[in-house]
Amino acid sequence: QVGVGCRAMPDARRVPGMFMVRATELSFLGLIGSILRIWTGQSLPHTFDAVTSSVTITYAEPTVTMVDGDLKPPTTRDVITCGPMLKFIIG
């Protein structure tokens, strides 16, 4: 959580040893239009929320992703697990 009332990941700390995943099919304008709902932690249309200990993302073709600001070589699969590091993946 980033403070100032922002609850973009409302279930992030609900279960010890797990994290919240929020995946959306909203367009950029859809995200902008939903900014208040994101800020207050409300559910979003066309969005999947889950609390889990592991997520595997499979891409249809090799995709360059960015993890914690570093570009990774093209891959067809990313695995995110609960651990001591916080990772932000943008593909």
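Disulfides come to a count of zero here, where a disulfide is a pair of cysteine sulfur atoms within 2.5 Å. Cys 6 is buried, at 10% relative accessible area. Cys 82 is partly exposed, at 36%. Buried means under 20% relative accessible area, exposed means over 50%, and partly exposed falls in between (1.4 Å probe, protein chains only).

The model is predicted: local features need pLDDT of at least 70, side-chain atom pairs count only at pLDDT 80 or more, and totals for chains, interfaces and linings use all residues. Residues are numbered from 1 along each chain as its sequence is written, and side-chain values use heavy atoms, leaving out hydrogens and water.

Now the overall layout. The protein chain has two helices and seven strands. Along the sequence they follow the pattern β-α-α-β-β-β-β-β-β. Helices (H or I, at least four residues) and strands (E, at least two) are DSSP runs, numbered from the N terminus. Of the 91 residues in the chain, 25% are buried. Take the contacts between residues at least 6 apart in sequence: 44% of them join residues at least 24 apart. A contact means heavy atoms within 4.5 Å.

Next, a residue in strand 6. Asp 78 lies in that strand, which spans residues 75–81. Asp 78 counts as buried because its relative accessibility is 2%.

His 46 sits in a loop. That loop runs between helix 2 (35–40) and strand 2 (47–52). The phi of His 46 is near 55°, a positive value in a residue other than glycine. At 62% relative accessibility, His 46 is exposed.

Last, the surface. The accessible surface of the chain is about 6,700 Å², and carbon and sulfur atoms hold 62% of that. Such areas come from the Shrake-Rupley method with a 1.4 Å probe; for residues, only the protein chains shown count as cover. Val 4, Ile 35, Leu 36 and Trp 39 form a nonpolar surface patch, with about 450 Å² of accessible area together. Val 4 belongs to the segment before strand 1 (19–24). With 75% relative accessibility, Val 4 is exposed. Nonpolar side chains (Val, Leu, Ile, Met, Phe, Trp, Tyr) are joined within 5 Å, like charges within 9 Å.

Terms used: Patch = residues over 30% accessible without salt bridge, like charges linked within 9 Å, V, L, I, M, F, W, Y side chains within 5 Å. Salt bridge = Lys/Arg side-chain N within 4 Å of Asp/Glu carboxyl O.
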